[in-house]
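Here is a short note on the charged side chains and their partners. Please read it alongside the model.

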Amino acid sequence: MPQNPATQPPGSLPIYVQITELLVRDIAAGRLIDGEKLPPERDMAEELGIAVGTLRKALAELQNRGLLERIQGSGNYIRAISDPKSVYAMFRLELLGGGGLPTAEILSIDRLPKPSELPSFGSSTEAHRIRRLRRLSGKPAALEEIWLDGSYVETIDLEAVSESLYLFYRTKLSLWIARAEDQIGLDVVPDWAPASFGQAVGAPVTHIQRISQDQEGVRAEVSRTWLDHTVARYVARLK
């Protein structure tokens, strides 16, 4: 469910954008299918715990992306397309049942020398290490440790980082992540995992290492994700 506007942490996406992205991910996961009629707007807004006006902004955004057809006197109908232009287009984690609204709690941001065990990336000897707890529709699902090359920005203000890190890169750093390679294996929960993560430190979990390239083809970041397989799964859809 979307967060209450009064309790949203800094960097949270607007409520209507959260709803839009939740519906986009439900379409991608097949939980909403092409031609499906959505419930009446008042019923849908009540179920989501939001105002009707907020829902209508989300539906208007879906319509702008070609994902919704609004028929006067009949209702709102899903139109599944191959490129929904989601801010989470490269986010591959879903709830076991599909979909789920991604949110992120930043645990720490530090500028540090690059660890020798990471693959080579960028031109700086330092990188920004961003540690986050990822939730899907409120359920703790994954830990993330992102290393962004230090050449893109001197410091990163925690208050300025949005829940979509790639959106933050584009809007604040003029950095576009154009390509990414994911390598999936096994690891154990790191010792910095918060108590709210569903798996104990040292427990075996799915591990994903991502190497990302910017718009110039330069390796911009390396990230590590520890996935709680009892909550979520990794999904890559080929089109």
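1. Arg-25 touches Phe-91, Leu-93, Glu-94, Gly-99, Gly-100, Pro-102 and Leu-136, leaving aside residues up to four places away in sequence. Contact means heavy atoms within 4.5 Å. Arg-25 sits in helix α1 (residues 15-28). Helices (H or I, at least four residues) and strands (E, at least two) are DSSP runs, numbered from the N terminus.

2. This is a predicted model: local features need pLDDT of at least 70, side-chain atom pairs count only at pLDDT 80 or more, and totals for chains, interfaces and linings use all residues. Residues are numbered from 1 along each chain as its sequence is written, and side-chain values use heavy atoms, with hydrogens and water left out.

3. Arg-25 is buried yet has no salt bridge. Buried means under 20% relative accessible area, exposed over 50%, partly exposed in between (1.4 Å probe, protein chains only). A salt bridge is a side-chain nitrogen of Lys or Arg within 4 Å of a carboxyl oxygen of Asp or Glu. For Arg-25, the nearest side chain of opposite charge is Glu-94, 5.2 Å away. The Arg-25 side chain does reach the backbone oxygen of Gly-100, at 2.6 Å.

4. The structure holds 15 salt bridges. One of them pairs Arg-70 with Glu-41 (2.8 Å, N to O). Arg-70 lies in strand β1 (residues 68-71) and Glu-41 in helix α2 (residues 41-48), so the pair ties together parts 29 residues apart in sequence. Glu-41 is buried at 17% relative accessibility.

5. Arg-210 forms a salt bridge with Asp-182, with the closest N and O atoms 2.6 Å apart. Arg-210 is in strand β8 (residues 204-213) and Asp-182 in strand β7 (residues 179-188).

Conventions
Lys and Arg count as positive and Asp and Glu as negative; His and the chain ends are not counted. A polar contact is a pair of N or O atoms within 3.5 Å; within protein, one must be able to donate a hydrogen and the other to accept it, and residues adjacent in sequence count only if both atoms are side-chain atoms.
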